Amino acid sequence: MSVYLKSIQKVRMISSYIVNGREPLTTTSYNIYGDIESWWIIYLLNKKTIGNKFYAEGGLQLTYILPNKRGLIYQQITDTTQYNNQHF
């Protein structure tokens, strides 16, 4: 997974988001993507900044994958976890 995140940073697929106040990552996901299910992408990209928390403190600048590029990540994950039309 981290290989994909490193390759994302080389392409213009990321932007930044400033957290206004203590905010759960599900809320951040909703504010950026319009859903709460993509919190894990935000977490993986910002793990060093956030630590082991499920929220971000106000004032933090978080990195995120642009909403219109998120599908590329899902496809890469699917491609690497699928063999002979089955997931493992």
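Biologist: Where is Asn 46 found?

Modeller: This is a predicted model, in which local features need pLDDT of at least 70 and side-chain atom pairs count only at pLDDT 80 or more, whereas totals for chains, interfaces and linings use all residues. Residues are numbered from 1 along each chain as its sequence is written, and side-chain values use heavy atoms, with hydrogens and water left out. Helices (H or I, at least four residues) and strands (E, at least two) are DSSP runs numbered from the N terminus. On that assignment, Asn 46 is found in the loop between helix H3 (39–45) and H4.

Biologist: Does Asn 46 count as buried or exposed?

Modeller: Buried means under 20% relative accessible area, exposed means over 50%, and partly exposed lies in between, with a 1.4 Å probe and protein chains only. Asn 46 has a relative accessibility of 3%, so this residue counts as buried.

Biologist: Which residues does Asn 46 touch, not counting those up to four places away in sequence?

Modeller: Contact means heavy atoms within 4.5 Å. With residues up to four places away in sequence left out, Asn 46 touches Gln 61, Leu 62 and Thr 63.

Biologist: Which residues does Ile 50 touch, again not counting those up to four places away in sequence?

Modeller: Ile 50 is found in helix H4 (residues 47–50), and its relative accessible area of 3% makes this residue buried. Ile 50 and Leu 25 are 25 residues apart in sequence, while their C-alpha atoms are 9.9 Å apart in space. With that sequence exclusion applied, Ile 50 touches Leu 25, Tyr 43, Tyr 55 and Leu 62.

Biologist: What kind of pair do the rings of Tyr 33 and Tyr 64 form?

Modeller: The structure holds two aromatic pairs, where rings of Phe, Tyr and Trp (its six-membered ring) pair if their centres lie within 6.5 Å, and planes under 30 degrees apart count as stacked, over 60 as edge-to-face and the rest as tilted. Because the rings of Tyr 33 and Tyr 64 have centres 6.3 Å apart and planes at 85 degrees, the pair is edge-to-face.

Biologist: How many residues apart in sequence are the parts that Tyr 33 and Tyr 64 tie together?

Modeller: Both Tyr 33 and Tyr 64 are buried. Since Tyr 33 lies in helix H2 (residues 25–33) and Tyr 64 in strand S4 (residues 61–65), the pair ties together parts whose separation in sequence is 31 residues.

Biologist: Over the face of which residue does Arg 22 lie?

Modeller: A charge sits over a ring if NZ of Lys or CZ of Arg is within 6 Å of the ring centre and within 35 degrees of the ring normal. Arg 22, at 4.0 Å from the ring centre, lies over the face of Tyr 55.
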